[in-house]
Amino acid sequence: MKIKNAALAMTAMLTIGITGMILPVTVHADNTDAVIDERWGKPTFVAGAGLSDAQKAETMSILGITADNVNTQTATGADLIKYLGSGSGDDSAMLSSVVVTRKNEGAGITVDIVTPENITLITADQYKNPLVTAGISDASIKVGSVVRVTGESALTGVYKAFEANGDAIDSDRAQLAQTELTTTTDVANEITQEAAENNSDMTEEEKQAANEAYQTQLNQALVDIKKELADLKEQKGDSVTAAEVEEVVNNAIKNNDLSQYISQDSINQLISLAQQYLDTEGVLSKESMAQLDKISEGFQNTLNSIGDKFGDLTNAVKANEGFFQGLWNSITDFFGNLFK
């Protein structure tokens, strides 16, 4: 089924590339959140401790929930320190909230930021790799805030939801996940800033779509790094060398067309992160690899969406041929890997 879907998606993308037109696609609403998981019961709403009662009520409305159809928890400053190993511990700084719905085994992780205008630093896709690193699996997650926040503390809410339902969180993995989120957010910012300088003739709409493409390529590079390291670890155990880790990282950056936009300092940060993946129990497990396959499908959807956006811009390909060729190569390479 995955290969069939990939083939259909490739056909759609080829149509876009050849004709410059978008074929209409019917999208059906996902009503699965209405189903009660028998392990967890109702979905779990984790509210930031810094919210007033009025803000909490507004947040619930935005997330589409009521007190009757969720179990409610509160994410405190102490929770932030517990799960992430650092932070001020100040409850007033805990302002973002999440609703977590447990899904059937194999469903993977989905993330929906319902207030993107208020989550200023982290994108929905950028949450996914760290969640897998932390050991989160098979969950639908909605993130929202009624005030402008950077969004990092949302991970704390997800961990609190899992533990509230009897699923233990490994503190080492959770802290590595936070390191991953911080590192990759910084690297993504560097890449998009560098790319923007090289694509100064783009419109704002084109720049936003390009930034999303570069961020998605970095997200996929992280998946590639983890999967390649898992293969190496299975072959060599604890004998994987630093040179091999460096080679894995450099190959992932090159294969995702990021080499011209990333500094050596950022590459070194990713190498350090990769070494921590190797050294932290469970991060490269078969269960984690299965979750990574699922989030890769989400990254594929993001690239499809970007292709759709640019298909609507009549002069975009001519004006930004280099960017579009790189994006097209990334998309075709991505689909090609699904058939291997």
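This is a tour of a predicted model, one selection at a time. Residues are numbered from 1 along each chain as its sequence is written, and side-chain values use heavy atoms, with hydrogens and water left out. Because the model is predicted, local features need pLDDT of at least 70 and side-chain atom pairs count only at pLDDT 80 or more, while totals for chains, interfaces and linings use all residues.

**The whole chain**

Select the protein chain and colour it by pLDDT, the predictor's confidence in each residue, from 0 to 100. The chain averages 82, and 79% of its residues score at least 70. Now select residues 1–33, where pLDDT stays under 50. For this stretch the model has 37 contacts beyond four places in sequence, a contact being heavy atoms within 4.5 Å. Residues 312–325 also have a pLDDT below 50, with 18 contacts beyond near neighbours in sequence. Where pLDDT is low, the predicted coordinates should not be read in detail.

Switch to a cartoon view. The protein chain has 12 helices and 5 strands. Helices (H or I, at least four residues) and strands (E, at least two) are DSSP runs, numbered from the N terminus. Of the 340 residues, 48% count as buried; buried means under 20% relative accessible area, exposed over 50%, and partly exposed in between, with a 1.4 Å probe and protein chains only.

**The sheet**

Select the 5 strands, which form an open sheet in the order β2-β1-β3-β5-β4 with mixed pairing. Two strands pair if DSSP finds at least two bridges between them. At the edges are β2 (71–75) and β4 (109–113), each of which pairs on one side only. From one strand to the next, the twist averages 20 degrees.

Next, select β1 (residues 44–48) together with β2: the two pair in the parallel sense over 5 bridges. Find G48, which stands opposite A75 in β2.

**Helix α5**

Select α5 (residues 154–164), which lies across β1, β2, β3 (97–102) and β5 (139–144). The helix runs at about 40 degrees to β3; axes are lines fitted to C-alpha atoms, for helices over the stretch in contact, and angles run from 0 to 180 degrees between N-to-C directions. Is α5 mostly covered or mostly uncovered? It is mostly covered, with 9 of its 11 residues buried. Among the buried ones are L155, Y159 and F162. Just after α5, G166 takes a positive phi of about 90 degrees.

Move on to Q178 in helix α6 (residues 171–198). Q178 counts as buried because its relative accessibility is 12%. Leaving aside residues up to four places away in sequence, Q178 touches L84, E152 and L155.

**Two loop residues**

Most residues other than glycine have a negative phi. Select D138, in the loop between α4 (124–133) and β5. Its phi is positive, near 50 degrees. D138 is buried, with a relative accessible area of 6%.

The last stop is D257, in the loop between α8 (242–255) and α9 (264–279). Phi of D257 is near 60 degrees, again a positive value in a residue other than glycine. Is D257 buried or partly exposed? D257 is partly exposed, because its relative accessible area is 29%.
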